[in-house]
Amino acid sequence: MIQYTNDRVTVFQSALFQTTTTVISLDEGIIVIDPTWLPGEIQEIQSFVQSIRGDKELYLLFTHGDFDHIIGYRAFPDAKTIGSYGLQHHPKKDYKLQLIHEFDATYYLKRDYPIEFPTLDIVITEEYQQVTLGSTTLHFYLAPGHSADGLFTVIDSIGVFVAGDYLSDFELPFIYDSAKAYKRTIELASRIIGEHRISLLIPGHGQATDDVAEMKRRVHLSADHLERLTQAVIANDEATLSTLEKEHAFFSPTTQESHQENVRIIRLEYTDNR
């Protein structure tokens, strides 16, 4: 379903994990970001893109290589692809594809395109890198922490900040790469909001927002939770760790598992109790 739309940006939201797909219409091209989840949802995105594309070049941008964010890759076979160096050299490509196949098999889903890991035409290799598509400049920032291959995208001309799996309105940090890198990436997000004229923040899960105060609240939400979690791990404060675990929205075995992984990584990086 469409969660947000204006004259340039349309954000689709899946029924699963409130995962977003963003379609951005530029003068010279269309950018589709993280096409996902269910076959019918991807068909809706395909139809929308076809309705606005005309003769424009089509680009697929991947914020990172988690399977829910690459699952619709081959639904757009003629698109040029953009992603990070970490995505291009992802160490677990076969595992991510296995997760897609298992998901589809579990729920008896059929897709009308092959399941493949993205190959990239435009690779972001620098911590900060600009790419020009026609007359539009895209600003890319490597954003590790949640995953090693994370990527932030800023389009100044339309005031858009695409944050991948950061800065959700409800989802607290899920750390699968590095707690220290996650902290630096949240600090980077704060600088981006301060230094660019951001009028729309789009997370990978949850609601887009055009409210700068809300953007800053989300930065604080992530930074504060991560700091309190780190201090509790260092102090081996099990009572606080239990409280922090329950701060996750949609509390479930999934969030409990993610919390335990957060604790494991923080303990590895910040203490000698490995």
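Modeller: The discussion below takes the terms in turn and applies each to this chain.

Modeller: This is a predicted model, in which local features need pLDDT of at least 70 and side-chain atom pairs count only at pLDDT 80 or more, while totals for chains, interfaces and linings use all residues. Residues are numbered from 1 along each chain as its sequence is written, and side-chain values use heavy atoms, with hydrogens and water left out.

Biologist: How many helices and strands are there in the protein chain, and what makes a run a helix or a strand?

Modeller: Both are DSSP runs numbered from the N terminus: a helix is H or I over at least four residues, a strand is E over at least two. On that basis the protein chain has eight helices and twelve strands.

Biologist: Why is the protein chain called as compact as a globular protein of that length?

Modeller: The radius of gyration is taken over C-alpha atoms, and the globule rule is 2.2 Å times the number of residues to the power 0.38. For 274 residues the rule gives 19 Å, and the protein chain has 18 Å, which is close to it; the chain is therefore as compact as a globular protein of that length. Along the principal axes, its C-alpha atoms fill a box of roughly 60 × 45 × 30 Å.

Biologist: What share of the residues is buried, and what makes a residue count as buried?

Modeller: Buried means under 20% relative accessible area, exposed over 50%, and partly exposed in between, with a 1.4 Å probe and protein chains only. Buried residues make up 54% of the 274 residues.

Biologist: Which strands form the open sheet that begins with β1, and what makes two strands a pair?

Modeller: Two strands pair if DSSP finds at least two bridges between them. Seven strands form this sheet, in the order β1-β2-β3-β4-β5-β6-β7, with mixed pairing. β1 (2–5) and β7 (122–124) are at the edges because each has a single partner strand, so one side of each has no neighbour in the sheet. The twist averages 15 degrees from one strand to the next. Within the sheet, β3 (residues 20–25) and β4 (residues 29–33) are joined by four bridges in the antiparallel sense, and Ile-24 has Ile-31 in β4 as its bridge partner.

Biologist: How do you know that helix α1 lies across this sheet, and at what angle to β3?

Modeller: Contact means heavy atoms within 4.5 Å. Axes are lines fitted to C-alpha atoms, for helices over the stretch in contact, and angles run from 0 to 180 degrees between N-to-C directions. Helix α1 (residues 39–53) lies across β1, β2 (9–13), β3, β4 and β5 (57–61), and runs at about 5 degrees to β3.

Biologist: What makes the pair Lys-80 and Glu-57 a salt bridge?

Modeller: A salt bridge is a side-chain nitrogen of Lys or Arg within 4 Å of a carboxyl oxygen of Asp or Glu. Lys-80 and Glu-57 meet the criterion at 3.8 Å, N to O. Lys-80 is in strand β6 (residues 80–84) and Glu-57 in strand β5, 23 residues apart, so the pair links distant parts of the chain. Lys-80 counts as partly exposed because its relative accessibility is 37%. The structure holds eleven salt bridges, among them Arg-228 with Asp-224 at 2.9 Å; both residues lie in helix α6 (residues 212–235), four residues apart, about one turn of the helix.
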